[in-house]
Amino acid sequence: RHTRCSRDWSSDVCSSDLELGHALSARRFGYQVQGVSLTVIGGHTQIAAEYKRPRDQFWVALAGPCATLLVGLAAWGGTQIAIGVLHSMLVWLAWSSVLIGVVNLLPGIPLDGGAAVDAIVWHRTKNRWRGRQVASLTGFAVAALWASTPWLLASLFSRPVELSDILVSGLVGLWMASVSWRTYVYSTAKISGKVQSIETLQEVSLESVRSEEHTSELQSRLHL
C-alpha cells in the first residue's frame, strides 16, 4: 500500500513540476499563461498566443523536463538521509522524475523534445512550418520506438512481454503517429501555399497537441 501511495504521489509531483516549469518560463519570455490543468494522465499549460521567436519555444519546451529532472536529482539526494516511508517516497519520486523527464525529451511531436526540434529547425530555416514538418517526421520515429517499448524492456530487464504492455504501447504509439501525421500534412500544405486561410482550416500546432502530450506519462507510470 505504501508503494502504491508513493508511486501515485510521485507521479503527481512530477506532472506539477513539469507544467510549472513550462508556465514560469513562458511568463519569463513575456507570454500570458491562461492556466495549468492537471489530470490523471499528466497535465497541460495553456499559453495565450503562438511563440514569436524560436528561442522562446525552445526554452519553454525544455524548461518542463529540466525542472522534473532537477526534482529527481534533489529527491535522490534526499534518499541518502531519509528513512522509512519518507525514503520510499523519495525513491519513487527520483525514479518517476527521471523517467518522465527523459520521456518528454524524446525528439518528436507531441513531446517537449519535439517542440525543441521544431524550434531549432525554425531558427535555422527561418520557416516556422518547416520546423513543424521536421518535428512531425521525427515524431513518427518516436511513435515507432514507443510501440516497441515492451520488447525493449523485456530484453533490457529480462522480463516477459505482457499483453497489457503491448496494447498500451501500441495505442499510445498509434496516437502519437496520428498526431505526427496530421501535423505533417498541415505543415506541408502551409509550406506549399495550399492552405490559404487559418479560418477555413484548423491549425494543427504544437501548442494544441501539447494538451495531450502527457498521455505519454500514462505509459511511463505503467512501467514504474
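The largest nonpolar core of this predicted model has 14 residues. Within that core, the residues with the most contacts are Leu106, Leu111, Val142, Trp146 and Met176. Helix 4, residues 112–125, helix 5, and helix 7, residues 163–192, each give two or more residues to this core. Apart from it lies another core of seven residues, including Cys14, Ala75, Leu90 and Ala94. As a general point, nonpolar side chains in soluble globular proteins tend to be buried together.

Let us look at Leu106. Which residues does Leu106 contact, leaving aside its neighbours within four places in sequence? They are Leu111, Gly113, Gly114, Val142 and Trp146.

In general, an α-helix has 3.6 residues a turn, so residues three or four places apart point the same way. At the start of helix 5, a side-chain oxygen of Asn127 comes within 2.9 Å of the backbone nitrogen of Trp129.

The protein chain holds nine helices and two strands, in the order α-β-β-α-α-α-α-α-α-α-α from the N terminus. Of its 224 residues, 46% count as buried. Among contacts with a separation of 6 or more, 69% join residues 24 or more positions apart. Finally, the accessible surface comes to about 11500 Å², and 65% of that belongs to carbon and sulfur atoms.

Methods. Residues are numbered from 1 along each chain as its sequence is written. This is a predicted model: local features need pLDDT of at least 70, side-chain atom pairs count only at pLDDT 80 or more; totals for chains, interfaces and linings use all residues. Side-chain values use heavy atoms; hydrogens and water are left out. Helices (H or I, at least four residues) and strands (E, at least two) are DSSP runs, numbered from the N terminus. Buried means under 20% relative accessible area, exposed over 50%, partly exposed in between (1.4 Å probe, protein chains only). Contact means heavy atoms within 4.5 Å. Accessible areas come from the Shrake-Rupley method with a 1.4 Å probe; for residues, only the protein chains shown count as cover. A polar contact is a pair of N or O atoms within 3.5 Å; within protein, one must be able to donate a hydrogen and the other to accept it, and residues adjacent in sequence count only if both atoms are side-chain atoms. A nonpolar core is a set of buried Ala, Val, Leu, Ile, Met, Phe, Trp, Tyr and Cys residues joined through side-chain atoms within 4.5 Å.
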